[in-house]
Amino acid sequence: MASVFYAVVLSIFMQSLQMGTMEQMVANVAGAYSGYIQVHQKGYWDDQSLDNSLTANDSLAKIIKATPGITETVPRVQSFALASGGVATKGIMLTGVEFEKEKNLTNLQPKIISGKYFNSDTESTVILSSGLADYLKLKVSDTLVLLGQGYHASSAAGKYKVSGIIKLGSPDLNKSMVFMPIKTAQTLLSEDGMLSAYALVVNDVTKVDQSLAYLNKHIDTSKYEIMGWKQMMPELDQAVQGKMASGAIIVGVLYMIVAFGIFGTVLMMANERMYEFGVLVAIGMNRKRLALVTILEALLISFLGVIAGYVASLGLIGYFVNNPIHMTGALAKSYEQFGLAPYIYTGFHLNIFLNQAIIIFVLSVLICLYPLLKISKLKPVEAMHGE
């Protein structure tokens, strides 16, 4: 029972780590900026100019809101501009955000390291990424000058007060991002009532394809383009697939180790009881009845071990979901260089618990068929003499 128990706990924990790592990879890239799904004007992804912006409309927003699995629709206005704080000038990515909805995607507010987040009194302000602020030598309450091109080649220029400085996980984004309230961005870029895209937040990254299928069915794809994170970032999808493949190999090796561990226990149990089996057969007990008793015992032990492991895994994974494993030292620095938080996360999905418990139970039952083979070939005299 202990062998089965530890097998269930180890397999569930390993699979949970694999799923948590995959979800975190996607969240760090897709969830940090682009969204898990984007809806934009057809042709926008290949030519991301303001001329390919879409007109915000309630009917499109209602379809997106009714999509299964979508938890938030985040409107975006995006463009490039030159930013200056005095002597230094740099090209930046300008993003207009609806600050309340943005909390459900990039969650900018907790990443503020200086100043404050947007509110209704800060409509003509901006938030700078810390790397850009250092380059331009700007601090909170300083003035940022933006110069760019607006909708249909109109002039876009303005001066804005820096209300906050934010530190982003990705080094590249941290050196080039400027956020401002979406209405301010629309005014600057002469895009009143228009958006670059809708970035969508999902409640389960593993079910993005289902949401995409619904959107493609209910939205006019001749006018709008619907893209999932796998289409927008194929290199990230390849990295995830590679991670999942390597994880499957590790889990396979774990199953092999677990199988030998359980088999060793069953082998010992069977061999230690050969004398008892020999006596029972010698005094007239039917071999089929003895086999039935043995297999019922094996099933009961396996079942109790699986249930105990299942319950223990729920508590263990639940703890690590709320308290991810924090890495320190060189390993933490290597994660941060790739724009990742220095944590190992676990995924909490009921199918992980169910699948692993069933696999270990089936594996245990198959291994426990060994005593049946021994009983079918048992010779009472030899068994009682330990031969």
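Guide: Contact here means heavy atoms within 4.5 Å. The model is a predicted one.

Visitor: Fine. Which residues does Ser129 touch, leaving out those up to four places away in sequence?

Guide: Ser129 touches Ile165, Ile166, Leu168, Leu173, Asn174, Lys175, Ser176 and Met177.

Visitor: And where does Ser129 sit?

Guide: In strand 6, which covers residues 125-129.

Visitor: Buried or exposed?

Guide: Ser129 counts as buried, because its relative accessibility is 0% and buried means under 20%.

Visitor: What does the side chain of Ser129 reach?

Guide: The backbone oxygen of Asn174, at 2.8 Å. Asn174 is also one of the residues that Ser129 touches.

Visitor: Switching to cores. In the largest nonpolar core, which residues touch the most other members?

Guide: Ile37, Ile64, Leu128, Leu144, Leu146 and Trp229 do, in a core of 78 residues.

Visitor: Which element gives the most to this core?

Guide: Helix 1, residues 2-34, with eleven residues.

Visitor: What lies apart from it?

Guide: Another core, of twelve residues, including Phe99, Ile166, Leu168 and Met177. Ile166, Leu168 and Met177 are also among the residues that Ser129 touches.

Visitor: Cavities next. How many of 30 Å³ or more does the structure hold?

Guide: One. The space in the largest cavity is about 30 Å³.

Visitor: Which elements give two or more residues to its lining?

Guide: Strand 3 (70-84) and strand 7 (143-149) do. Strand 7 gives the most, with four residues.

Visitor: What are the lining residues?

Guide: The largest cavity is lined by Phe80, Ala81, Leu94, Leu146, Leu147, Gly148, Gln149, Ala156, Leu188 and Leu189.

Visitor: How many of the lining residues are nonpolar, polar or charged?

Guide: Eight are nonpolar, two are polar and none is charged.

Visitor: Last topic, Ile344. Where is it?

Guide: Ile344 is in strand 14, residues 343-344.

Conventions
Residues numbered from 1 in each chain as written. Predicted model: local features only at pLDDT ≥ 70, side-chain atom pairs only at ≥ 80, totals over all residues. Heavy atoms only, no water. 1 Å grid on protein atoms, 1.4 Å probe; cavity = no way out; pocket = protein on both sides within 12 Å on 5 of 7 lines; lining within 4 Å. Points joined across faces, edges and corners; volume = space filled by probe spheres on them. Nonpolar A, V, L, I, M, F, W, Y, C, P; charged D, E, K, R; others polar. Core = buried A, V, L, I, M, F, W, Y, C linked by side-chain atoms within 4.5 Å. Buried < 20%, exposed > 50% of the residue type's maximum accessible area, 1.4 Å probe, protein only. Polar contact = N/O pair within 3.5 Å; in protein donor to acceptor, adjacent residues only side chain to side chain.
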